[in-house]
Amino acid sequence: MKTPRLKAGVLGATGAVGQRFVQLLAGHPWFDLAALAASERSAGKCYAEAVSWRLDVPIPEAARELAVLPAEPGLECDIVFSALDAAVAGPIEEAFAKAGYAVLSNARNHRMAEDVPLLVPEVNADHAALIQVQKKRRGWKGFIATNPNCSTATLTLALAPLERRFGLKSVAVTTLQALSGAGYPGIPSLDIVGNVVPFIAGEEEKIERETRKILGTRSGDAVTLHPMIVSATTTRVPVVDGHTESVFVSLRKKADLEELREAFRTFSGPPQQLGLPSAPAHPVVLRDEPDRPQPRLDVNVERGMASLVGRVRPCELMGWKFIVLGHNTIRGAAGAAILNAELLQAQGILSD
Ligand SMILES: NC(=O)c1ccc[n+]([C@@H]2O[C@H](COP(=O)([O-])OP(=O)(O)OC[C@H]3O[C@@H](n4cnc5c(N)ncnc54)[C@H](OP(=O)(O)O)[C@@H]3O)[C@@H](O)[C@H]2O)c1
């Protein structure tokens with residue numbers, strides 16, 4: 001697909017998710033990494049000096065010498081990817097959208113707003129239509145589009161094939177979430193080495209709300225939340241990257257094991273049909289081995305852009321149960337926002 005190149009900025013470029021943005025945008029076929037911004041602690045330094053780089057690849061050359069700027073409109077770019085701390089993201093993202101930028105946000109602040117799309121492009125690409133509603137209602141030249149919280153991103157990719165074929169009645173999920181999901185430097189080592197922390201503030205509510213919006217139905221100017229019940233328990237475990245989730249589902253229609261496996265295996269959506277650059281060939285990868293998926297072995301399958309489903313089996317309590325794994329800073333954050341931008345570009349919304 002031939003599209004005009006766009007200049008991209010990253011807000012919160014020094015954080016755990018910001019670093020992923022910098023890595024994934026360097027060399028992107030449609031977007032040029034043009035501006036980096038963070039807090040006043042970092043502003044004024046060059047990126048290599050400001051960042052505590054924690055990825056296992058070198059800092060991209062395109063970013064090393066870029067100046068880190070304050071996170072305020074005036075950045076020389078067309079679109080901004082936001083990896084800002086949620087404590088500050090709300091008004092900063094609004095200021096950028098008002099000033100005419102397309103804002104692709106990871107932060108929780110605007111996800112549930114009625115006129116803001118919460119996108120997983122394989123699942124609800126049609127929700128992008130809310131952008132026109134938002135621009136009109138708020139009188140903005142730009143807009144905000146969001147991707148879900150990391151656990152929700154992994155979960156909804158695995159639920160969508162079941163919703164499409166059989167309908168979902170209820171979902172219970174327990175997460176085992178990686179340390180990189182808590183940002184950098186994150187949790188003190190003495191609190192997590194050899195331990196499990198059975199609480200992540202605000203996370204269960206996010207999964208319960210966001211899942212119903214993503215799988216909800218758009219009609220006209222609004223999205224009606226999916227009526228299913230979602231019940232979540234979230235825990236932090238000593239894993240570096242990759243959230244594992246134990247999922248129980250009740251379906252509306254009767255299904256057998258082979259039909260369920262087939263639904264996972266054959267699932268795809270607009271990113272695959274449009275050939276978007278960051279789209280995984282298989283958004284859901286079904287593993288047959290009894291002891292997979294595992295974060296250390298499987299988190300980078302499909303460049304971290306897929307949900308890996310395994311251990312699909314009947315459940316006497318709810319009907320079916322399975323394990324799903326996803327890369328929290330790629331498909332759960334930076335990669336998700338970049339795929340959203342690619343979708344909006346393909347739909348003609350980004351360079352509108
Ligand atoms: N980690 C994940 O897996 C994940 C997944 C999905 C969504 N998210 C969401 O993505 C966002 C970033 O998460 P993270 O894990 O990358 O956090 P992080 O490592 O703590 O990074 C936060 C970033 O925000 C910047 N920042 C903080 N205060 C600021 C201010 N007043 N003005 C401008 N910039 C400011 C920081 O800049 P300095 O370095 O200059 O302080 C840093 O670049 C959060 O909203 C989080 O909830 C994270």
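Predicted model: local features only at pLDDT ≥ 70, side-chain atom pairs only at ≥ 80, totals over all residues.
Colleague: Where does the ligand sit?

Modeller: The space taken by the ligand is the largest pocket. That pocket has a volume of about 1200 Å³.

Colleague: How many residues line the largest pocket, and which lie nearest its centre?

Modeller: The lining has 47 residues, and Ala 83, Leu 84, Asp 85, Ala 86 and Gly 183 lie nearest the centre. Two or more lining residues come from each of α1 (16-25), α4 (86-98), α9 (203-214) and α13 (330-346). By class, the lining of the largest pocket holds 21 nonpolar, 17 polar and nine charged residues.

Colleague: Back to the ligand. Which residues come nearest?

Modeller: There are 27 residues around the ligand, with Thr 14, Ser 39, Arg 41, Ser 42 and Leu 84 coming nearest. In this shell, 13 residues are nonpolar, twelve are polar and two are charged.

Colleague: How far is the side chain of Ser 39 from the ligand?

Modeller: An N or O atom in the Ser 39 side chain is 2.6 Å from an oxygen atom of the ligand. For Ala 16, a backbone N or O atom lies 2.9 Å from a ligand oxygen. A backbone N or O atom of Ala 86 is 3.4 Å from an oxygen atom of the ligand. The ligand taken alone exposes 910 Å², and the protein buries 81% of that.

Colleague: New topic. What about the second largest pocket?

Modeller: The second largest pocket has a volume of about 790 Å³. Its lining has 37 residues, and those nearest the centre include Arg 20, Arg 54 and Asp 241.

Colleague: Which helix gives the largest share of that lining?

Modeller: α1 does, with five residues.

Key
Residues numbered from 1 in each chain as written. Heavy atoms only, no water. 1 Å grid on protein atoms, 1.4 Å probe; cavity = no way out; pocket = protein on both sides within 12 Å on 5 of 7 lines; lining within 4 Å. Points joined across faces, edges and corners; volume = space filled by probe spheres on them. Helix = DSSP H or I, 4+ residues; strand = E, 2+ residues; numbered from the N terminus. Nonpolar A, V, L, I, M, F, W, Y, C, P; charged D, E, K, R; others polar. Near = heavy atom within 4 Å. Polar contact = N/O pair within 3.5 Å; in protein donor to acceptor, adjacent residues only side chain to side chain. Areas by Shrake-Rupley, 256 points an atom, 1.4 Å probe, with all protein chains shown as cover. Sits in = over half its atoms within 2 Å of the grid points.
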